[in-house]
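Please find below a note on the structure shown here. The points are numbered so that each may be checked against the model.

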Amino acid sequence: MKRELNRRDFLKMAGLLPFGLAAPRLLRGLHVGPVLQAKSQNVIVVVFDAFSALDISAYGYERKTTPNIDRLSKRAIVYHNHYAGGNFTTSGTASLLTGVLPWTHRALAPNSEVAEPFATRNMFSALQNHYRIAYTHNGWAYTLLRQFRNEIDELIAREKLLLGSLDTPIQELFKDDEDIASVSWSRNMKVDEDGYAYSLFLSHLYEDLQKRKVAKYETLFPRGLPTTGSDNGFLIEQAVDYIESRLTAIPQPFAGYFHFLPPHYPYRTSQEFFNAFDHDGLKWIEKPRDVFAGRESKNLLRKRTEYDEFVLYCDREFGRLYDFLESSGLLENSWLVLTSDHGEMFERGISGHSTDALYQPVIRIPLMIFEPGRETGINIHDVTSAVDVLPTLAHLSGEKIPAWTEGVILPPFSSTIQIPDRNIYLARAVKNDPNAALSMASTMLVRENYKLHYYFGYPEVSSDGLVRLYDVKSDPEEMTDLVQSKPDIAAELLNELKAKLQEVNAPYL
Amino acid sequence: MNTQLNFITRRYSKQGLWSLFLLCAFPLHLWTLILTFRDMSWVIERTNLWDAIGVISYGMVFALAESIILFVMIALLGLLTPKQWDTDRRVAFLSLLVILTGIWGILRQARYVWEWSLPLPLLQFLAQSDHPFRFLYVMYLAVVVPTVLLPVYLFLRSKKSTQWMKELMERLSTLTVFYLVFDMIGLVIVIVRNLS
């Protein structure tokens, strides 16, 4: 749904401005809802990559994966039905940063960029009166940040917070094609990952040198050092420490976007959390193998356990960052957002998020907003989307809300009443030409309790596409497909989704 | 510098060095091509055809770089061979070493690619022994050492060995020249990818 700031909204906001300037301290004492904020407040967005809401104890997961976030969520506005814009880094991050859905920003393929107009229409341009700083471990997210670099005052080089490795010269030499160069380099040199590499001789020498380089961390990370997958290792601690040092040094108001790779695969937690959930008796719900099930479908419970142990590590570091912001006084004047770009799944024969499926674990993500001075939490159960974050932050930090965003100001900050049956969409179309209408895609529509999946164009599904309908309130595990038992609802939602697709495809037909 | 070059040119002919380089490049390129084409579907599944071509292109460029490094090392190693050997015999001998090392290098990794395993009775024997790893290493040595030493011994003893190696090199060189063409195409693709 496209939301523009019309004249009437503007007048309402203008009328509220004096109240907004005076009210926060008054209302804080009364522990009531937030208000329109005065200008000059900082914004800090913390993204943990591939962070599924379903594996967070603050969202009801039976494993205690996030003791720090649980503790802090009691002081936060917690969104319980928040959806990513896509189900992998590029599309999900682009939606978060541009405030529009993948079919609009067109960053459809892995490691692609957004359509040219969005190079200057993003979170950083929206927060233009702030000092804008950004960092990510994730190479694909970094591609987007580099595209937005003209809108960012300080883009911290990705390599800066990776542990120096033998891969760094390759990344620097091929920095304009870093991702594919790194993949090939990894396949050439990293003989330990599969037992073989393209290189017959140097790969063995490389592995030996690399092992010596990170030997001192071996005892700290029993499953190996966290890595960016195809290249070098990193420690979240190092990134958090650096970010803390920058936040105290840069001018205020600032807007920081910090996108950490964990708990993204490979799931390599620190010694402190190693085997924390081993044989803990987690109730495992057997689900039917999906039409999109991949080859990597074995040991899903084991993988989920390792993922959950990695989440513990993220939780500790988020807690540490929060405590620093609080003790340094920055939190008194900063909006802190905790979210993700997409989720992760371990069911139906699917492991991770390289899948065309759109089940809840891979798209339902956390969103918590920590308001300056807030002591009591608010739980929001409305269905919300990643595209709502940008307009909300612009609103809260006193900046103009961009006209292009497809999101809305999140409750409870909106001065207008939320539409109860608002449609939330999501799309994945990795093989689609970004300059063509969507012909092979996974799409989703959520309205109130119902969630419709619609897959079309894939060889795995029929020419009519594949439709599934779930009541995610009464059936959060998506076990019972309601397409047959509730045909009217399925047809209504499918028609709406198809109408939306027709609308977004129109410019490309 | 000139003295060093003279020292090398006294031990090698230009044609000999080129043949030796092609021999060094052969096993490295062969293995890279086998694995890159094996990976292609995996990469396309995750990205697209252009990126898959990119992965292969980088692979070829890295293989070329490794070939040059291996060639330099082998050429330097050749300086330790007897001075009285003529350049053809030296190159033939070094080529034999490259081929043997290449075969074992490929076999070492191929067992993971195609998931080869030791025969079951042998595994049972190792499992029951007190020192399985010691036995395993002895077994490897018992296989690897003769397969290297025997050809080397035969080469040194036989007068025709240089001619055989030369003929083999000629055949493999023709194939390797094709690989070098792939390298050049790969290099162009890498440059284009980094410019676009």
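**Note on the predicted model**

1. Chain A is divided into domain 1 (1–24 + 39–162 + 227–282 + 301–419), domain 2 (166–213) and domain 3 (431–509); the domain bounds come from an automatic or database domain assignment. This is a predicted model, in which local features need pLDDT of at least 70, side-chain atom pairs count only at pLDDT 80 or more, and totals for chains, interfaces and linings use all residues. Residues are numbered from 1 along each chain as its sequence is written, while chains are lettered from A and ligands numbered from 1 in the order in which they are written.

2. The centres of domain 1 of chain A and domain 3 of chain A, taken over C-alpha atoms, lie 26 Å apart. Their contact involves 12 residues of domain 1 of chain A and 13 residues of domain 3 of chain A, two residues being in contact if their C-beta atoms, placed from the backbone, lie within 7 Å. On the domain 1 side there are seven nonpolar, three polar and two charged residues. Here Ala, Val, Leu, Ile, Met, Phe, Trp, Tyr, Cys and Pro count as nonpolar, Asp, Glu, Lys and Arg as charged, and the others, Gly among them, as polar.

3. Between the chains, 21 residues of chain A are in contact with 28 residues of chain B. At least two residues of the chain B side come from each of α2 (14–46), α3 (49–78), α4 (87–113) and α7 (161–195) of chain B. The largest share, 10 residues, is supplied by α3(B). Helices (H or I, at least four residues) and strands (E, at least two) are DSSP runs, numbered from the N terminus. By class, the chain B side has 13 nonpolar, 10 polar and five charged residues.

4. Which residues of α11(A) are buried? They are Ile236(A), Ala239(A), Val240(A), Ile243(A) and Leu247(A), where buried denotes 20 or more other C-beta atoms within 10 Å of the residue's own, with C-beta atoms placed from the backbone. Seen down the axis of α11(A), these buried residues fall within an arc of 95 degrees, so they line one face of the helix; the arc is that of the directions from the helix axis to the C-beta atoms. The buried residues of α11(A) pack against β3 (131–136), β5 (254–260) and α12 (300–327) of chain A.

5. Chain A has an open sheet of eight strands with mixed pairing, in the order β4-β3-β5-β1-β6-β9-β2-β10. Two strands pair if DSSP finds at least two bridges between them. The edge strands, β4 (154–155) and β10 (378–385) of chain A, each pair on one side only. Strand β2 (residues 77–83) of chain A pairs with β10(A) in the parallel sense over six bridges, and His82(A) stands opposite Thr384(A) in β10(A).

Notes. A residue is buried if 20 or more other C-beta atoms lie within 10 Å of its own, exposed if 12 or fewer, and partly exposed in between; C-beta atoms are placed from the backbone.
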